[in-house]
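Open your viewer and let's take a short walk together. Have the selection tool ready as we go from stop to stop.

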Protein chains: 2
Amino acid sequence: MNAEIIAVGSEMLTPYRMDTNSLYLTEQLNLLGVEVIFKGIVGDNLRRIVAAAQHGLFRSDILVFVGGLGPTEDDLTREAVGEALGLKLQRDPGMVRRLEDRFASRGWKMTPNNAKQADVIEGATVLPNANGTAPGQWLCGEFDGREHILVLLPGPPHELKALFEAEVRERLRAKVPPAFLATRTLKVAMLGESLVDSRVAPIYKSFSDVETTILAGAGEIELHFKNRAGTQDAAQRRVDEVAGLVEDELDDAVYSRNGESLEQIVGYWLQMRNATLAVAESCTGGLLAERITSVSGSSRYFLGGAVVYSNQLKTDLAGVPAEMIDRHGAVSREVAAALAEGIRYRCESTLGVGITGVAGPGGGTPEKPVGVVFHAVASDGGTEVLQRNFPGDRKRIRRFASTMALDMIRKKLM
Amino acid sequence: MNAEIIAVGSEMLTPYRMDTNSLYLTEQLNLLGVEVIFKGIVGDNLRRIVAAAQHGLFRSDILVFVGGLGPTEDDLTREAVGEALGLKLQRDPGMVRRLEDRFASRGWKMTPNNAKQADVIEGATVLPNANGTAPGQWLCGEFDGREHILVLLPGPPHELKALFEAEVRERLRAKVPPAFLATRTLKVAMLGESLVDSRVAPIYKSFSDVETTILAGAGEIELHFKNRAGTQDAAQRRVDEVAGLVEDELDDAVYSRNGESLEQIVGYWLQMRNATLAVAESCTGGLLAERITSVSGSSRYFLGGAVVYSNQLKTDLAGVPAEMIDRHGAVSREVAAALAEGIRYRCESTLGVGITGVAGPGGGTPEKPVGVVFHAVASDGGTEVLQRNFPGDRKRIRRFASTMALDMIRKKLM
């Protein structure tokens, strides 16, 4: 069976806001074995929502509408879906009372417009919304000449997710053919997308039953494998098989086998080695520390560090000799190593990291153009320094450099 | 005139990737006075793209297709649009030669599949793509019983933008009625969305000709005003008028009048006051420094700082007395002030900032629950400390706290 998701709301037709709920819904539908074949975004306009619903009935087995269920004049999804199906709305007196109770329990009086949230499409099942006033609706039957399922869900993401999990998932599972779907994700650091693809394409192309998706960010690549088969075991066996072969091919560039982030993996390794970390950042300006501390519990292995934008602070906070900066420049192999060693000494950490580079757009020179970054990791065993020339803008170069440093830490601990 | 945007590509129907080009295109179309009334996302499937095009002809005056113009078997937009219009594709021999030359200039031989990028829909104008091999196409004429414009654009964002600007914008401007559209954006820090709305709704509701959009993030609110009128002056006058009244009402909570970010505004003020800044962060873990240094040229006013996750480093790098931490706890008004003063002293900066709090999800206590953050700004005039209890998860609390600190710096310098 296939599905489409129709997001309703004029704000998603402005340059400022987009529909993000459909990513969550797509994942949930895929897990049930349902393919999403179309997504539409339509404004708060009765005629246009009706047309979107009619086109959807022509195209898809399952139609999921998101948004437009609130109490205002602009909330038109109920009316529009009813009209597209040729069904009337009926106000549910019990639900009106529950809405009134909800308001009363907070000491408020319900304004009359709220009652429209109790309008139910003929034959629809009401789906209670534990986190908001607008309930969802579920309709299943023959429309436009064949079986369809229509689901109306509220737009706020936390309401949508809770309602989907409590009321929609099992109803759908009972209606769609049993799906035995297995997925695996591998994450790879600091290899180019075309290099990764050229090395692994011969592998995944020989698994014609497995769907492979490759997504590339600044220094990180995700490989998603998905398979359907006659049993859960068979489906899992195939994705594990292709993931295993890809992992053998890419070897230690694969840092994650179960969806963990690079920041989490670095945290695991530091804890496993009973090691602590401190960082001294110049061009990344705190991004590396921010990424490390984005992981809850990172205080167990991350001591802290210095953001040393000025040369004076490179000396004062990380102990880089001023004459070294004069001789080699602040962006140099020597200063990166001195930052790593200095912050390690100052913080008494197992590992020290130093980053210095040219994030741009200004500050580049012929010898050290925008994108040049030196990364250093200092440990008992000595200091490793790697230079890279990253492409892209300031944001991308900083992201690349912090990923490179995280990956150097990981490899040092493996 | 109205428009719709149809993004073509199966990857945008996965849980991993979404269509972001439509935000740029919506902004560009709005500036020409064209309203976007629908957005669709369709996979690489001929029959479904044809159906999307047919539904679009029924709905909209202008259809913008994005993606599906490359050389692979999955690139079907040309064929589908031709079929929906009942028009044939014709291979353009001149364009085939240009493609061959493009490959030859890089020392490559063109594979035969690339030639399909030279297939032109009957009657279409070819739009050269300076940044890629797949050209765009422009079609204007009576289809499905009325005038339509159809534009085919490549999917990679930098190709799309350059091609739109070079080839599409002026062609569209010549076809749509002259639009006199004016916009203004105000940005507001550290006021709640409902508070802002209750204070400014009476103002913007009295400007029924101006479209107002309010967007809320963690600690930042954007107010977008848009107006169409008979002349550019008249349109501008109305948005300036409503923005002026809203600004009077919200007073110094408005930090930006022309779209600048809070990080940029803080940079302007520091430069205007000839001041320098250093920061000592605990719970934000480098996020504040990262946001400040995300602005190019920030080395002119930002010296650096310390990420002091461990108590030892609060003492070693920012000079917080160990006994103060013992007595008041690391998350306290006193330690926040000492961090700000200590880092200011250590870095010899005009202003010093200290942040300490509980970002969660662990670490909360009844007296200091998750979300409690102390923010301090130290200057010649003394040290100001503000406590806040932020809602949300770790990421949101850290974002709130860094925004609060930036806003305190701004207000100190105003």
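**Where the two chains meet**

Begin by selecting the contact residues in this predicted model: 54 residues of chain B are in contact with 54 residues of chain A. Colour the chain B side of that contact by class, and you will find 24 nonpolar, 19 polar and 11 charged residues.

Now pick residues 35-42 in each chain, which form strand β2 in both. The two strands pair in the antiparallel sense, over 5 bridges. Which residue of β2(B) is the bridge partner of A:Gly40? Look for B:Gly40.

**Inside chain B**

Move on to helix α3 of chain B, residues 77-85. Because 7 of its 9 residues are buried, this helix is largely enclosed by the rest of the structure. Show the buried ones: B:Thr77, B:Arg78, B:Ala80, B:Val81, B:Gly82, B:Ala84 and B:Leu85. Step just past the end of α3(B) to B:Gly86, whose phi is positive, at about 70°.

For the last stop, go to helix α5 of chain B (residues 157-175) and select B:Arg173. Is B:Arg173 buried or partly exposed? With 14 other C-beta atoms within 10 Å, B:Arg173 is partly exposed.

Notes:
Residues numbered from 1 in each chain as written. Chains lettered and ligands numbered in written order. Predicted model: local features only at pLDDT ≥ 70, side-chain atom pairs only at ≥ 80, totals over all residues. Helix = DSSP H or I, 4+ residues; strand = E, 2+ residues; numbered from the N terminus. Buried ≥ 20, exposed ≤ 12 C-beta atoms within 10 Å, placed from the backbone. Contact = placed C-beta atoms within 7 Å. Nonpolar A, V, L, I, M, F, W, Y, C, P; charged D, E, K, R; others polar. Pairing = 2+ DSSP bridges.
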